[in-house]
Amino acid sequence: MRTPTASALKARTLAALVVTGALVSFAAPAPAAPALHPGSGREARTTTQVVRVPAAFFGLHDGSGQAYGRAAFGSIRLWDAQVTWREIEKSPGVYDWSRLDTLVGAAQAHGVQVTLVLAMTPTFYASSPTLPPTDLSHYADYVRAVMDRYRDFNGRRGIAAYQVWNEGNLSTFWTGTPGQLAELTRVVHDVGAQVDPGATILAPSFAMRMRFEADAFAAYQSQLVDGVPVWHFYDANALSLYPKATYGTRPGGPEDAMALLGTARNLLARAGVPADLPLWGTEINYGLPSGGTPGHLVATPIPDSQQVANVLRTYVLGAADGLTRLFWYRYDWGTVPGGGTLGNTLRNPRRLRPDHPRRAGAGHRPGVAARTVGRHRHRSALRPGRRGHLHLRRALPGRHPPDLLEPHPGGADPAARRCDVPADRPGRPPHGEPPGHDGPDRLPAGDGRLPELSAPPTTQAGLAFPTIRPQVARGRDSLELAARGGKSTRGVQHRGVPTESRGEAQKGPIPVHVPPRKRLSLHARAAAVIAGAGLLVSLAAPAPADLAASGHDRTQGRHHRAQVVRVPRAFFGIHDGSERAYGRIPFGSIRLWDAQVTWREVETAPGVYDWSRLDSLVSAAQAHHVQVTLVLAMTPSFYAGTATLPPSDLSHYADYVRAVMTRYRDFNGRRGIAAYQVWNEGNISTFWTGTPGQLAELTRTVHDVGAQVDPGATIVAPSFAVRLPYQRRWFSRYESQRVNGLPVWRYYDANALSLYPMPTSGHRTAGPEDAMALLGRARHRLAKAGVPVRTPLWASEINYGVRSGTPGELAARPITRRHQVANVIRTYLLGAAHGLARVFWYRYDWGRLPASVGGGTLGNTLLAVPGQPDRVTAAGRALATAADWLHGRLVGRHGRRPCAQHRSGLYTCVIRYRGGVRRIYWNPRHGERLRLPARATYRQSVDGRAQKLGRHHHIRIGYRPVMVQSRR
């Protein structure tokens, strides 16, 4: 055992003092919980996690057109509304748009976003509506016709989102295979990229309450289409969150629906679906009996008060659990044979008549209060108060925070109180209706209402809907749910509901009951003190050897607030002008630079373009599902005195950008170029000799043309070298530019860096860790310039050994094959861990420099033999190893980024995946001996060789990464 150093003893002493103080305070009698004065909002500031709830979050299903002005909502899903595929396409190629036009027009008139389900095949294309068409081109034609009609309908967007299918794991709607459903998803994605790139593509919805339904959902999410995971082809996932009708003796409720959501999230994580993909609740209600054909079974009725509670709890929990949309099914219920409805929480029961204006919603006070709240930006905090309640508070600027529900009286049991709908003051219109509107049965002309249907009355549950919903008429307000104390808003268990509503604005919070925290007995406190004493003894003991000497793996144990990174296929990028890299190394994106497709090489004369070379490169990328980034640099000689200056008239640059975007936004039937970069290395005189202000003007030009011609394309800022001080100063000057009064970062979607470190760092050859140090310096300068942290950052070029001076004059000093392999794997591991969105290796198709400058190559790490792009090197093959190792979730511990470095110099990357855990170790400074985790099963070196491991195994770690796989 090692003798502790003075600094270690000092740290342990400090820790012991801290724990002692905590124990003393813990053993003392607990003070009473402080009472929050209603409306004061005074309490200690703690860490909060905030969820913003947009107007579109509140969704419903309605085919009657009568929900507008009666229920507050911001989005509508058109299903069971007589607008399925077979109901629109009456015969091959003949479409009846009348019904869909009416529904979309009504939504537009009220500022509501529309989601259309593209399901149910016509009988002339398949033997059953639940099967895909025998020829997928028929489905593509229908999707193209719909998107082309509604991308600009009545002068604005008609349909905001398209869903591939409805409930793909229920035989009522789908009897094909998961693979066929994935193919339909790709069809919608490809057509959307061509016709309406601004639309949201929604995956098929799936029911989740039965085991076979969850299995089918997992099978779909694991599908590959042309070798690409299916989640690459949609923008959001969708779930039907119907819980079981009963759980034991109690009816199913919102908390059970959120449990299904948790199950779905686990399955998505196992399938490798990125955690940041939005998740929609496309259908939700309660009481639906299991089994049988829908419509043949009736839900057991529940009291009105319980229906109101279901609505409120559903939307609060849905927002807290991170759902992006939540569509209530449905507003316009009809009765099934034998009476009753499929769900038990309704908005229009038969017993309420529209001739009773107050009961039908005309005098609804919370609707008015919600509209008042909606005129202001506000915050709502979901936080614990006295007696274990959970409060939803709204704070208005310059006003008392209005409560839309009455607080529970002290000591009252919230579950024992009745939930009543408040009445409105006379003369005030209900929520969502314009001033002067007289009631729910009088709608303004031209609102898209369906005249053939009578206005359905609204239940107490329907009236409760605006209680939690702010103003949606203009769709510009949002709600915030904040969890105090650093806790997530997800997974909060709510027992009980808000109980009594009243029309007046109160000064208290809105409580939702949760179990109060129990006060520990004296015996429990004494036991805690004894346990703390044992902890103090362990803290005072000499420290064990550090990680390098003792072999303890500090990546084991429970993750606490871990940072998680998922690495998409497009993260792995290269430069290649030979088209020989395809099929030899794995990559998902390519940057076209030094590929004979600069501006001056494409525009050969004013207004004359030679597309042959660029067409060939883009077609090759399309054939292998690789995303293309084109650099729009190097001015033709007839527009400027030198290629490194902007044109004298910026309209020439705009014309070129417009011509490129117009050609490749839809090339060979799908997107050709995914991203456009303004310029290459704007702080290197070889490529740019203009000013930072001129470069910012070019950035605005690309942005404006892209917004007109190809709004779906990514605009990438000029790249910048950052290894020398003057380069970093130039970079800061560009990022600080303002164009037309706006900061330049408003005109691009991502930043770009050339992460070439200096050839050497001290006496050693520079490597990936030095490139990441440059990334840190660049991030610091971006923060000083006010660039948002969320702006993606691309490494548009990276390699090692590149010398200073004019490119082409000096060759890099060669390094060994093993060092090259290590450079590739460490680069992509660290790039992912440091949050880079793309890493483009420069380059695959190296050529040798002239003998007059010593031959060789500019970089020292080569993916292919110089001059022979058909021969892949060991470093090129290592790219596949990096991609395999990074499959899963790259996680960090204790709030730190992944691949953290130990004080000994050891890097440890932890990747969790469905089958276990991968740990990747290396130390660029020196070799060391490491003891592996007890559950380690085998190790793999960078060259692919694997070795089984026994218990208490030790390995030697050096600059070459080693992957160790363990069971969970």
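Which residue in β26 does L630 stand opposite? In this predicted model, in which local features need pLDDT of at least 70, side-chain atom pairs count only at pLDDT 80 or more and totals for chains, interfaces and linings use all residues, the residue opposite L630 is Y676. Residues are numbered from 1 along each chain as its sequence is written, and side-chain values use heavy atoms, with hydrogens and water left out.

The mean pLDDT (the predictor's confidence in each residue, from 0 to 100) of the protein is 77, and 70% of the residues reach 70 or more. Over residues 348-456 the pLDDT is below 50, and this stretch has 293 contacts in the model beyond near neighbours in sequence, a contact being heavy atoms within 4.5 Å. Residues 469-480 also stay under 50, with 51 contacts beyond four places in sequence.

Helices (H or I, at least four residues) and strands (E, at least two) are DSSP runs numbered from the N terminus, and two strands pair if DSSP finds at least two bridges between them. Strands of a sheet pair through backbone hydrogen bonds, either parallel or antiparallel.

A nonpolar core is defined as a set of buried Ala, Val, Leu, Ile, Met, Phe, Trp, Tyr and Cys residues joined through side-chain atoms within 4.5 Å. Buried means under 20% relative accessible area, exposed over 50% and partly exposed in between (1.4 Å probe, protein chains only). The largest nonpolar core has 119 residues, of which L630 and L755 touch the most other members. Beyond four places in sequence, the contacts of L630 include L592, V597, L614, Y656 and V660. Another core, of 96 residues, lies apart from this one, with V187, A203, A214 and M258 among its members.

The model has 21 salt bridges, each being a side-chain nitrogen of Lys or Arg within 4 Å of a carboxyl oxygen of Asp or Glu. D141 and R144 form one of them (3.4 Å, N to O); both lie in helix α4 (residues 136-150), 3 residues apart, about one turn of the helix. D141 is partly exposed at 39% relative accessibility, and R144 is partly exposed at 30%. In the salt bridge between D256 and R250, the closest N and O atoms are 2.9 Å apart. D256 is buried at 10% relative accessible area, whereas R250 is partly exposed at 40%.

R584 and D870 form a salt bridge with the closest N and O atoms 3.2 Å apart. R584 lies in the loop between β21 (572-574) and β22 (589-592) and D870 in strand β36 (residues 868-872), so this pair ties together parts that are 286 residues apart in sequence. R584 is partly exposed at 38%, and D870 is partly exposed at 41%. A network of salt bridges links E183, R186, D190 and D226.
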